[in-house]
Amino acid sequence: MNTLKNWLMVLFVAVCSGAYAQQPDLDVPYVPTKQETVEEMLKLAGVKPGDVVYDLGCGDGRIVITAAQKFGATGVGVDLNPQRIKEANANAKAAGVTDKVRFVEGNLFDFDFSKANVVTMYLLPSVNLKLRPKLQKELKPGSRIVSHDFDMGDWPAEKTIEVGSDTIYLWTIGN
Ligand SMILES: C[S@@+](CC[C@H](N)C(=O)[O-])C[C@H]1O[C@@H](n2cnc3c(N)ncnc32)[C@H](O)[C@@H]1O
């Protein structure tokens, strides 16, 4: 009995450490944006039908799904965590927008977002700064970027609004 218990314990520890080892090396932990803030981010970016919204680090997909469902846009979300991509796909299905959105498991630093004309982010100050040259290089003139809570250092936002305890920043890519 003791031997079986010990074996089960070893198996349990092995499974847990295996699962831990498979956790992706995230640059930002998962903290979802409140739905009210999601909608204000999309309004601040002026999202409308025809726009292509990319959420970098998309979590459960709520920003891209809302952009499709309530603003008539199409969208793509990328996240390094496969669990988030599973949730995002399930949420898109439940919302009836699988023909308008797509979720990709991958690293946002390796992701081509040149087809976006709206980019949304809820990352960290250091990650925003690291991403800034890629955003400025890949996005077409007139593309809008909205960031929840964090700015982009000495690139001044053209608009900043408060939604409850959240701050949202807007930039537009110039010519
Ligand atoms: C603060 S959450 C924001 C989630 C969602 N955008 C929202 O606002 O509700 C950050 C997300 O970025 C993802 N993430 C962290 N590092 C990443 C990376 N290098 N590439 C892609 N996704 C990443 C995390 O898995 C997490 O889902």
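A word on the source. This is a predicted model, in which local features need pLDDT of at least 70 and side-chain atom pairs pLDDT 80 or more, while totals for chains, interfaces and linings use all residues. Numbering runs from 1 along each chain as its sequence is written, and side-chain values use heavy atoms, leaving out hydrogens and water.

Now the shell. The ligand is surrounded by 22 residues, each with a heavy atom within 4 Å of it. Asp 27, Thr 33, Asp 55, Gly 57 and Asp 79 are the closest of these. Sorted by class, the shell holds 11 nonpolar, 6 polar and 5 charged residues. Charged here means Asp, Glu, Lys and Arg; nonpolar means Ala, Val, Leu, Ile, Met, Phe, Trp, Tyr, Cys and Pro; the others, Gly among them, are polar.

Look at the N and O atoms next. The side chain of Asp 27 brings an N or O atom to 2.7 Å from a ligand nitrogen. The side chain of Asp 79 does the like for a ligand oxygen, at 2.6 Å. Leu 80 takes part through its backbone: an N or O atom there lies 3.2 Å from a nitrogen of the ligand. On its own, the ligand has 600 Å² of accessible area (Shrake-Rupley, 1.4 Å probe), and the protein covers 99% of that.

Step back to the chain. It has 5 helices and 7 strands, which are DSSP runs of at least four and at least two residues. From the N terminus, the order is α-α-β-α-β-α-β-β-α-β-β-β. Of the 175 residues, 43% are buried, meaning under 20% relative accessible area; exposed is over 50%, and partly exposed is in between.

Go to the loop between α2 and β1, where Asp 51 is placed. Asp 51 counts as buried because its relative accessible area is 3%. Its side chain makes polar contacts, that is, N or O pairs within 3.5 Å with one able to donate a hydrogen and the other to accept it. One joins the side chains of Asp 51 and Asn 117, at 2.8 Å. Another reaches from Asp 51 to the side chain of Arg 144, at 2.9 Å.

Lys 48 is in the loop between α2 (35–44) and β1 (52–56) too. Lys 48 is partly exposed, because its relative accessibility is 42%. Thr 74 is 26 residues from Lys 48 along the chain, yet their C-alpha atoms are 9.5 Å apart.

Helix α3 (residues 62–71) carries Lys 70. With a relative accessible area of 52%, Lys 70 is exposed. The side chains of Lys 70 and Glu 39 form a polar contact of 2.9 Å.

Two more stops. In strand β6 you find Val 163, buried at 6% relative accessibility. The C-alpha of Val 163 lies 9.4 Å from that of Met 41, with the two 122 residues apart along the chain.

Last, Asp 149 is in the loop between β5 (144–148) and β6 (159–163). Asp 149 is partly exposed, at 23% relative accessible area. Check its backbone: Asp 149 is not a glycine, but its phi is positive, about 75°. Most residues other than glycine have a negative phi.

Methods: Buried means under 20% relative accessible area, exposed over 50%, partly exposed in between (1.4 Å probe, protein chains only).
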